[in-house]
Amino acid sequence: MSQTIRWGLLSAGNIAGQFAEDFSAVENAVIHAVAARNGDTARAFARKYGIEKAYAGYEPLLADSEIDVIYIGTPHNLHFEHAKSALEHGKAVLCEKPMTVTPEECEELQRVAERTGGYLMEAMWTYFLPPVQTALRWVKEGRIGRICQIKADFGYPQLPFDSKKRVYGANLAGGCLLEMGVYPVALAWLFMKQDPTELQVMARHAPNGIEDDLAILFNYPESVASLGTSFRCKLQNWAYIIGEQGYIAIPDFWRAREASLYVLDDRVDHFVDKRATEGFHYEAQAVTNDLLAGRASSSVVTARDSYAIQRHMAMIKEVAVGRG
């Protein structure tokens, strides 16, 4: 592998555009090619972001011998198929969250990575953001004491309801849990690193039965996490990590630009990320660095992390079914 990691984008949709927009901040890497089902779409995307090659269809991208790593930004229900194919073509894979739509798919995809010797990471970009990493450090330093509660939610209205929209599509793994709820679920796991001993879910559903509003309570042996996600309304979208001695507040935690540490009512520390990007370049840089160093996997978003997130969302789904 050369000292420049060559990326291929398997998708020319909105999230791939955000990824490409931030890629100018990534060192020792270049986006070599993009692929879309429609060739005109791929070519327009390539022109916009200065990408050398554009492919109609995904197979030519996967077969391109110059590409080291594939970024997958297709709809959730296609992630397993596309990531599996990329690994079997000998490519490293960065796959958008949620990496799969069931724990079983996640396990199988990880087995494919082991069998092929391929690098596989879920694109949980929030984990790499400096304010979130700073909050983790504050917790590890004992600055808020033992965690008592976590509060996190993420929701934006997706109205009016339309069953043809991807986010509501039953055959596209639609629903607010996989689309937005993955963020608070992932945040709770990041700070707790344990399974809840019990959970409660209050659920509302769209006319086609897809969940569109969830209030979730995770109970752990010594703490609780209250999580929320919604297509019905704009939620606060903040995260709070609350300990016996203080708490951390992270505004818009999923795309965090700052974090504050409080003791009672007094802010005693504050971190601001003055980045000029949205922040997708942090995960892309981490994957690039891993590949250049010959690492087989990420230490920030591990296979255990991805499987736990999938397992917790499956637990929520099971409890939420039929509740409205």
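**Entry 1: a pair in helix H2.** I began with Arg-43 and Asp-40, which both lie in helix H2 (residues 39–49), three residues apart, about one turn of the helix. Helices here are DSSP runs of H or I with at least four residues, strands are E runs of at least two, and both are numbered from the N terminus. I noted that this is a predicted model, where local features need pLDDT of at least 70, side-chain atom pairs count only at pLDDT 80 or more, and totals for chains, interfaces and linings use all residues. Residues are numbered from 1 along each chain as its sequence is written, and side-chain values use heavy atoms, leaving out hydrogens and water.

The two side chains form a salt bridge, 2.6 Å from N to O; the term asks for a side-chain nitrogen of Lys or Arg within 4 Å of a carboxyl oxygen of Asp or Glu. I counted 20 salt bridges by this rule.

I looked up accessibility next (buried is under 20% relative accessible area, exposed over 50%, partly exposed in between, with a 1.4 Å probe and protein chains only). Arg-43 is partly exposed at 39%, and Asp-40 is exposed at 53%.

**Entry 2: a link between loops.** I found Arg-146 in a salt bridge with Glu-244, their closest N and O atoms 3.1 Å apart. Arg-146 sits in the loop between helix H6 and strand E7, and Glu-244 in the loop between strands E11 and E12, so the pair ties together parts 98 residues apart in sequence. Glu-244 is exposed at 52%, while Arg-146 is partly exposed at 34%.
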